[in-house]
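Morning, everyone. Please bring the model up on your screens, and we'll walk through it together.

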Amino acid sequence: MAHVAAEKQKLLNRIKRLKGQVAAIERAIEADTECARVLQQATACRGALDGFIAEVIEDHIREHMLDPAATSDDPRTQAAEELVAIVHAYLT
């Protein structure tokens, strides 16, 4: 996963937050917390995971599909930016 090296700390921070959210779900279940609260925490965790996935996909597109020398009016650059926007809209 070398293509995310520049974004490594940002991704690690997201994963640490996810770990905390999963641990909170576990604690809630152990404490017999009401179903609605557990579901709310699970939904928040799923959203955080979707955000993580979107970031990794975006990094992959930018690293492996875009030419660093290309300008913003290049059709491939525009298509990649549209794809990134679609991924973010779908996953976040």
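Predicted model: local features only at pLDDT ≥ 70, side-chain atom pairs only at ≥ 80, totals over all residues.

**A walk around the helices**

Where is it? Leu49 sits in helix 2, which covers residues 35-64. Buried or exposed, or something in between? Leu49 has a relative accessibility of 40%, so it counts as partly exposed. The limits for that class are 20% and 50%.

Now bring in the neighbour. Helix 1 runs over residues 8-30. How do helix 1 and helix 2 pack? Their axes are 9 Å apart, and the angle between them is about 160 degrees. Angles over 145 degrees count as roughly antiparallel. Helix 1 and helix 2 are therefore roughly antiparallel to each other. Helix 1 passes helix 2 in a left-handed way.

What joins them along the chain? There is a loop between helix 1 and helix 2, and Asp32 is in it. Look at the backbone of Asp32. Its phi is near 55 degrees. That is a positive value, in a residue other than glycine. Asp32 has a relative accessible area of 69%, so Asp32 is exposed. The cut-off for exposed is over 50%.

Next topic: charges. How many salt bridges does the structure hold? The structure holds 4. I'll show you some of them.

Begin with Glu55 and Lys10. They form a salt bridge, and their closest N and O atoms are 2.8 Å apart. Why is this pair worth a look? Glu55 lies in helix 2 and Lys10 lies in helix 1, so the bridge ties together parts that are 45 residues apart in sequence. Glu55 is at 10% relative accessibility, so Glu55 counts as buried. The limit for buried is under 20%. Lys10 is partly exposed, because its relative accessible area is 33%.

Stay on Glu55. Its side chain also meets that of Arg14 in a salt bridge, at 3.8 Å from N to O. Arg14 lies in helix 1 and Glu55 in helix 2, so this pair ties together parts 41 residues apart in sequence. Arg14 has 22% relative accessibility, so it counts as partly exposed.

The side chains of Arg62 and Glu58 meet in a salt bridge, 2.9 Å from N to O. Both residues lie in helix 2. They are 4 residues apart, about one turn of the helix. Arg62 is partly exposed, with a relative accessible area of 33%. Back to the earlier pairs for a moment. Salt bridges that share partners join Lys10, Arg14 and Glu55 into one network.

Let's look at some distances. Arg62 again: how far is it from Glu81? The two are 19 residues apart in sequence, and their C-alpha atoms are 8.7 Å apart in space.

Move on to Asp67. Asp67 is in the loop between helix 2 and helix 3, and helix 3 covers 75-91. With a relative accessible area of 49%, Asp67 is partly exposed. Now compare its place with that of Leu11. Asp67 and Leu11 are 56 residues apart in sequence. In space they are 23 Å apart, C-alpha to C-alpha.

Last stop: what follows helix 3? Thr92 lies in the segment after helix 3. Is Thr92 buried or exposed? Thr92 is at 60% relative accessibility, so Thr92 counts as exposed. Thr92 and Glu30 are 62 residues apart along the chain, and 29 Å separates their C-alpha atoms.

Quick recap. Helix 1 and helix 2 are roughly antiparallel. Glu55 has salt-bridge partners in Lys10 and Arg14. Thanks, that's the tour.

Note on methods: Residues numbered from 1 in each chain as written. Heavy atoms only, no water. Helix = DSSP H or I, 4+ residues; strand = E, 2+ residues; numbered from the N terminus. Buried < 20%, exposed > 50% of the residue type's maximum accessible area, 1.4 Å probe, protein only. Axes fitted to C-alpha atoms, helices over the stretch in contact; angles between N-to-C directions. Parallel < 35°, antiparallel > 145°, perpendicular 65-115°, else oblique. Left-handed = near helix turned anticlockwise from the far one by under 90°.
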